[in-house]
Amino acid sequence: MTLTPSALALLGLCAWPLLLALLMESYRAFYVFTGKIAINGFAADGSNSPDAFGKRLVRAHANCYENLPMLGGVLLYAIVAEQTAMTDPLAYALLAARVVQSVVHMLSTRPLAVWVRFLAYSAQVGITLYWIGLLSGLL
C-alpha cells in the first residue's frame, strides 16, 4: 500500500502532538528528578510550570489536539472517499503550517512570533476550508 501525501499528513497530524507530549514528559521529568517539583505537582493545564516555556509547551500541545478533528477529519474523509487527488497538493503545506505554529508557540510570545503563529494557523484554516469546498463540490 502506498501512502498518499494526504495519508502521510494525517499521520503527521497524529504524530506531532505525540512528539510534543514526549517533550512535555521529558520537561516535567527533569523537574521531578531534580527534586524541584513533586511528581504530582504539575497542574494539567500547565499553569504552575516553573517557566514560560512549560506553559507554552502545554498550550502548543493542547492546540494540536483541539484542531485535529477539523484538520484530520477532512483528510480522513478525502482518504475514505478516495478523493485525495483534491487534498494531496496541499497536504504537506497543512502539516508544515501545523508544525510551524507549534514551534513558534513554544519559542516566543513576541509580537512577530504571534503574527507568524497567526499566519500559520490561518493557512491551516484556509487550506481546510478550500478542501471542504472542493470535496463538497462547491468549488
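This note goes through the helices, the nonpolar cores and the cysteines of a predicted model.

1. Basis. Local features need pLDDT of at least 70 and side-chain atom pairs pLDDT 80 or more, while totals for chains, interfaces and linings use all residues. Numbering starts from 1 along each chain as its sequence is written, and side-chain values use heavy atoms, without hydrogens and water.

2. Helix H1. Helices here are DSSP runs (H or I, at least four residues), numbered from the N terminus. H1 covers residues 5-33, 29 residues in total, and spans 41 Å between its first and last C-alpha. That is close to the expected 42 Å, taken as 1.5 Å times one less than the number of residues. Just after H1, Gly35 has a positive phi of about 75°.

3. Main core. A nonpolar core is a set of buried Ala, Val, Leu, Ile, Met, Phe, Trp, Tyr and Cys residues joined through side-chain atoms within 4.5 Å; buried means under 20% relative accessible area, exposed over 50%, and partly exposed in between (1.4 Å probe, protein chains only). The largest such core has 13 residues, with Ala9, Leu13, Leu75, Leu94, Trp131 and Leu135 making the most contacts inside it. H1, H2 (52-80), H3 (84-107) and H4 (111-136) each give two or more residues to this core. H2 supplies the largest share, four residues.

4. Cysteines. The whole structure has zero disulfides (cysteine sulfur pairs within 2.5 Å). The sulfur of Cys64 is 11 Å from that of Cys14, its closest cysteine sulfur, so the two are too far apart for a bond. Cys14 is partly exposed at 41% relative accessible area, whereas Cys64 is buried at 3%.
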